[in-house]
Amino acid sequence: MKLNSKIPEGPLENKWRNYQVQSHLINPTNKKKLSVIVVGSGLSGAGAASTLAELGYDVKCFCYQDSARRAHSVAAQGGINAAKNYQHDGDSIYRMFYDTLKGGDFRSREANTYRLAELSAPLIDHFVQQGVPFAREYGGTLDNRSFGGVQVQRTFYARGQTGQQLMLAAYSQLYKMVRAKKVEMFPRSEMLDLVVIDGKAKGIIVRNLVTGELQRYAADAVVLATGGYSRVFRLSTLAIGCNGSAVWKAHKKGAFFGAPSFTQIHPTALPQSSEAQSKLTLMSESLRNDGRIWVPKEIGDTRLPNKIPEEERDYYLERRYPSYGNLAPRDIASRAAKERIDAGYGIGKLKNAVYLDFKHAIEKFGLKTIKDRYGNLFNMYQKITGIDAYKEPMQISPAAHFSMGGLWVDYELMTTIPGLYAVGECNFSDHGANRLGANSLLQASVDGYFILPNTINNYLATESKADHPSIDHPEFGKAEQEISEHITRILAINGTKTVDHFHRELGRVMWQECAMSRNKAGLEKAIREIKQIREAFWKEVKVTGKHNEMNPELEKALRLADFIELGILMCTDALEREESCGAHFREEFQSAEGEALRRDEKFAYVSAWEYDKGDFKLHKEALEFEFVNPSVRSYK
Amino acid sequence: MNSLFFRKMVVALTGLFLCTFLIVHLSANFILLLPESMARELYNSYSTTLRESPLIKIIAYVLYAAILLHAFYALLITLRNRKAKPEKYVVNHSNENSTWTSQNMGLIGTIILLFLVLHLANFWARIKLGIGEEVGLDALGNRDVYEVAYTLFHNIYYVIFYTLISIPLGLHLHHGLKSAFKSLGFYHKKGLQLLAKVSVIYAVIMGVGFGIIPIIVYFK
Amino acid sequence: MKVIFKIWRQEGPNEKGTIRDYEVDGLNEDMSFLEALDHLNELLVLKNEKVIAFEYDCREGICGQCGVFINGRAHGPHDNITTCQLHMRSFKDGDTIVVEPWRAASFPVIKDLIVDRSALDRIIEQGAFITAKTGTAPEANSILIPKETADRAMDAAACIGCGACVATCKNSSAALFTAAKINHFNSLPQGKAEEHKRVAEMMFQMEIEGFGSCTFTGACEVECPESISITNIAEMNARYVKSKLLK
């Protein structure tokens with residue numbers, strides 16, 4: 001199968017317009033007869049569901065949480081980027097496009113990335129209209145802050161709650177359409193399989209998490225908006241329920257998986273403090289605007305941070321990257337922290353953290369300004385650690401965060417299965433090998449609100465003539481049967497170890513070998529170990545409770561079973577890519593100064609993996625740079 | 001008109017009216033504290049004036065209505081609120097997040113209502129309805145209401161009861177006054193801070209005022 | 001660290017529930033409260049028992065999904081936090097910890113500590129939105145909003161919808177939740193067009209969902225993880241009166 005990215009003709013700035021002009025439309029009466037399933041109710045899912053409903057489609061939206069509003073988009077703190085150039089600091093669509101492409105180390109499509117930047121400005125207009133209380137200047141105009149990896153101020157924010165506020169806007173709009181009876185909402189419902197009929201996505205199998213009942217839903221198209229899968233590392237900044245099952249099931253049904261190993265490790269999370277820890281809380285990257293990162297110059301310096309004089313502190317980011325300093329992109333900041341921690345300079349109880357210090361900012365801007373900017377983040381920090389960060393520096397540490405990888409999609413956000421779309425974090429589209437801060441909310445929203453509602457018509461226009469799928473089709477029966485057997489099998493193992501035990505094992509291997517820095521031997525070992533974990537899981541796991549009731553342990557087990565398989569693919573992908581790019585750092589490929597060594601001549605492609613009966617087959621989508629010249633990424 | 005909000009409005013408005021009434025009531029009661037020669041005539045002529053004024057007659061009916069409505073709608077709200085929380089917590093430390101008064105306005109209100117029955121029997125029933133022992137006339141020919149109070153407050157049990165009841169009264173007024181304003185939609189930030197102080201002052205004056213009169217009269 | 005958990009167990013919405021005791025050893029102070037429950041659940045699995053069903057998702061205090069009554073307080077002994085932000089360092093070795101689900105007629109128990117809060121979604125459904133379609137927005141800076149207005153809207157908008165206000169309120173009133181949402185939208189110019197309809201319909205829905213009325217005990221603002229002020233309720237009342245008068 002040849003990958004067709006469907007990039008429209010014309011110069012960069014005209015591509016999206018050209019696409020819209022040429023794509024098929026559907027008249028309002030016919031739209032009413034077409035139905036779309038949206039899985040996930042985060043920014044991209046709720047945005048897509050509400051907008052598709054506004055257009056007239058009949059929408060069903062599913063989420064595993066108790067309410068659509070809980071989706072993990074809420075957790076993004078820092079902000080959302082847009083090329084508005086409100087600060088008059090030389091920003092433009094082109095600059096934002098270039099920053100994003102460069103931030104991703106030239107491993108994404110020009111056309112997609114440009115479209116992301118192009119649609120960023122109208123997105124801010126949209127959210128303001130929907131009532132998002134963005135931060136404002138005294139004069140009433142919108143305020144901006146700066147963020148990692150760029151030199152302009154283009155980040156819009158709502159205190160430290162930007163994700164929550166955008167999410168609530170999306171949720172509001174979604175419930176507006178629920179009220180209008182154009183969206184039917186199914187909370188506490190988890191998609192367990194995709195139903196493909198005659199090669200096209202036509203429905204899903206869902207487990208009702210309250211009753212345990214397996215249910216069938218059919219539609220003319222299926223949209224996955226299921227977020228990232230970094231919980232494969234177990235300890236991550238993600239919500240505990242975030243999982244990769246929907247995309248994994250789609251992958252197994254034929255959707256190619258794009259760049260699965262591209263995972264962002266966020267530099268400013270709270271460090272792990274015990275083995276029992278379930279989650280690493282993220283502290284917004286925006287803190288790096290005013291906070292300075294350092295470790296003591298001496299190994300094993302046990303003095304309290306405030307007792308360590310200036311000249312004995314190593315502000316290593318400022319030292320290594322003088323022009324970006326503390327605002328270096330995430331992958332670089334994380335790796336630099338890891339370098340210091342591995343060299344023994346780490347601080348804190350487990351020597352696994354670095355300091356993030358606001359002393360200078362407070363001296364310079366005053367306590368009030370800092371409180372205004374980061375008040376709730378400081379509060380949150382104190383709630384969790386019991387430390388007052390106005391008085392002593394925060395302790396931070398890298399943590400698994402964002403999945404740049406995801407289902408491979410073309411310019412229309414359609415996967416390799418016709419009628420199956422992937423939007424938001426669960427696709428691989430715009431961020432390349434590393435995502436810039438405050439681009440995640442942007443991509444999720446732009447995908448859901450603006451792109452998908454335009455591109456899906458193009459497919460549904462042909463489907464409107466076809467028969468509408470029925471849940472009585474044998475494919476539905478087959479899929480339901482398979483899932484039912486899968487569940488029975490897990491419950492029947494009745495072994496001696498808990499699901500969390502295996503998740504910890506998987507996380508340990510993944511974090512060790514497939515996180516911030518990777519090497520051939522380690523990845524090969526990881527694949528072997530994960531396969532052993534898989535074998536052990538299916539022999540020794542113990543899940544109590546029944547299938548036909550609310551059973552949180554069973555939910556975890558089902559998710560972990562998929563994570564284990566996904567972990568193998570991630571390591572396989574990391575092993576195959578013999579270069580360092582963005583967040584993907586292969587130790588064998590680095591410069592003398594320890595910077596990433598990209599190999600455009602051999603690896604300027606997107607890896608798209610096809611599932612092949614338990615094995616994976618690589619397809620390559622060559623990345624052609626028509627408009628920019630991929631440079632060596634330097635933030636020095 | 002049967003919405004929860006409407007019921008709250010009724011309770012708040014009648015409550016505020018009763019608060020105003022209490023100011024007048026207490027002011028008049030302070031006459032009882034004057035030397036006997038002055039107090040008796042003044043108090044009796046004051047009460048005669050009230051009884052005979054047509055305006056006051058109307059206000060009196062409004063007052064009865066206010067008491068009944070206040071109690072009735074508060075009861076409706078309480079019943080409805082109880083229904084909203086059918087199952088109680090096994091352990092509940094509500095004292096850590098709110099005052100005891102605010103949690104028990106219904107109970108306090110009921111105590112005050114029971115007191116009110118007795119209070120009306122003591123005074124209103126005798127003076128206005130002529131039930132029980134007949135009330136005599138004073139030197140000026142006014143009904144000797146002063147004597148009624150004087151006799152009552154020389155019974156130590158009544159003194160204790162009337163004094164003690166001023167505690168729940170003060171608590172009820174303290175929470176009731178500020179909440180009434182908020183229920184009616186007063187949300188000015190500085191104003192609410194002021195209101196909180198005013199509520200304390202008001203409740204203390206009412207509580208201490210009504211509580212101390214029986215004691216002073218007792219020792220007269 | 002060792003504690004005795006007394007936890008409400010209830011098989012289903014129509015089953016009878018009861019408090020059951022669990023002595024749990026091997027905890028440490030750095031564990032979050034929910035991680036202690038995770039730990040207990042692992043022990044239960046190994047003892048071939050069903051796990052305790054409880055809610056959580058983000059575990060960083062923002063999604064609003066977690067929430068139980070711990071030792072007589074919504075979200076535990078501290079003011080203004082979520083359950084997931086509570087850590088075992090707040091308890092002493094040997095403590096007894098009573099854990100109960102949110103109690104309210106409008107929040108029926110689904111299982112163990114999990115309740116159904118969809119009533120809150122239905123309040124939102126009745127008007128917590130701005131009726132404008134995607135693609136119809138004017139330029140963002142074309143409507144100026146003074147910083148004070150935006151900040152106040154943000155204060156109200158910070159609600160995470162956990163339901164602690166309802167849980168702690170002796171009347172199970174959802175007034176703080178509803179007020180926060182109404183004030184968020186109604187204080188912004190974008191929300192003005194539908195302000196009266198919004199306040200009337202959302203308050204009506206709050207009532208028919210079976211929530212009680214606000215008697216200003218103030219418990220809600222003490223338990224609210226986002227410290228949303230109870231003044232919001234007074235403001236909502238004012239908006240309601242205004243909507244009735246201007247009808």
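Five strands of chain A, in the order 11-15-14-12-13, form an open sheet with antiparallel pairing; strands pair if DSSP finds at least two bridges between them. Strand 11 and strand 13 (313-314) of chain A are the edge strands, each with a single partner, so one side of each has no neighbour in the sheet. Helices (H or I, at least four residues) and strands (E, at least two) are DSSP runs numbered from the N terminus.

This is a predicted model, in which local features need pLDDT of at least 70 and side-chain atom pairs count only at pLDDT 80 or more, while totals for chains, interfaces and linings use all residues. Residues are numbered from 1 along each chain as its sequence is written, and chains are lettered from A and ligands numbered from 1 in the order in which they are written.

**The sheet of chain A**

- Strand 11 (residues 263-269) of chain A is mostly covered, with 7 of its 7 residues buried; a residue is buried if 20 or more other C-beta atoms, placed from the backbone, lie within 10 Å of its own, exposed if 12 or fewer, and partly exposed in between.
- Strand 11 of chain A pairs with strand 15 (residues 394-403) of chain A in the antiparallel sense, over 5 bridges.
- Within this pairing, A400(A) in strand 15 of chain A is the bridge partner of I265(A), and F402(A) in strand 15 of chain A stands opposite Q264(A).

**Nonpolar cores**

- A nonpolar core is a set of buried Ala, Val, Leu, Ile, Met, Phe, Trp, Tyr and Cys residues joined through C-beta atoms within 7 Å.
- The largest such core has 324 residues, and those with the most contacts inside it are L174(A), V223(A), L224(A), L407(A), Y421(A) and L176(C).
- Helix 17 (residues 552-576) of chain A gives the most to this core, contributing 14 residues.
- A second, separate core of 9 residues includes Y43(B), V145(B), F153(B) and V217(B).
- Apart from neighbours within four places in sequence, V223(A) is in contact with V36(A), I37(A), V38(A), V39(A), A48(A), Y421(A), V423(A) and L452(A); two residues are in contact if their C-beta atoms, placed from the backbone, lie within 7 Å.

**Contacts between chains**

- Of the 2 pairs of chains that touch, chains A and C have the most contacts.
- In that pair, 66 residues of chain A are in contact with 63 residues of chain C.
- On the side of chain A that touches chain C, helix 3 (43-55), helix 6 (120-129), helix 7 (162-179), helix 12 (367-385) and helix 17 of chain A each supply at least two residues.
- Helix 7 of chain A provides the largest share of that side, 9 residues.
- By class, the side of chain A that touches chain C has 25 nonpolar, 26 polar and 15 charged residues; Ala, Val, Leu, Ile, Met, Phe, Trp, Tyr, Cys and Pro count as nonpolar, Asp, Glu, Lys and Arg as charged, and the others, Gly among them, as polar.
- Chain A and chain B are joined by no contact, and their closest C-alpha atoms lie 18 Å apart.

**Domains of chain A**

- Chain A is assigned domain 1 (12-262 + 404-463), domain 2 (270-400) and domain 3 (474-596); these bounds come from an automatic or database domain assignment.
- The C-alpha centres of domain 2 and domain 3 of chain A are 31 Å apart.
- The contact between domain 2 and domain 3 of chain A takes 6 residues from each of the two domains.
- On the domain 2 side of this contact, helix 10 (330-345) and strand 15 of chain A are the elements that give two or more residues, and helix 10 of chain A has the largest share, 4 residues.

**Chain C**

- Chain C has 8 helices and 7 strands, and buried residues make up 63% of its 247 residues.
- Its domain assignment gives domain 1 (3-111) and domain 2 (118-245), with C-alpha centres 29 Å apart.
- In chain C, 19 residues of domain 1 are in contact with 18 residues of domain 2.
- The buried residues of helix 6 (residues 195-208) of chain C include R198(C), V199(C), M202(C) and M206(C).
- These buried residues pack against helix 1 (4-29) of chain B, together with helix 2 (118-125), helix 5 (175-186) and helix 8 (231-245) of chain C.
- Helix 6 of chain C is followed by G210(C), whose phi is positive, near 95°.

Technical notes: Expected span 1.5 Å × (residues − 1).
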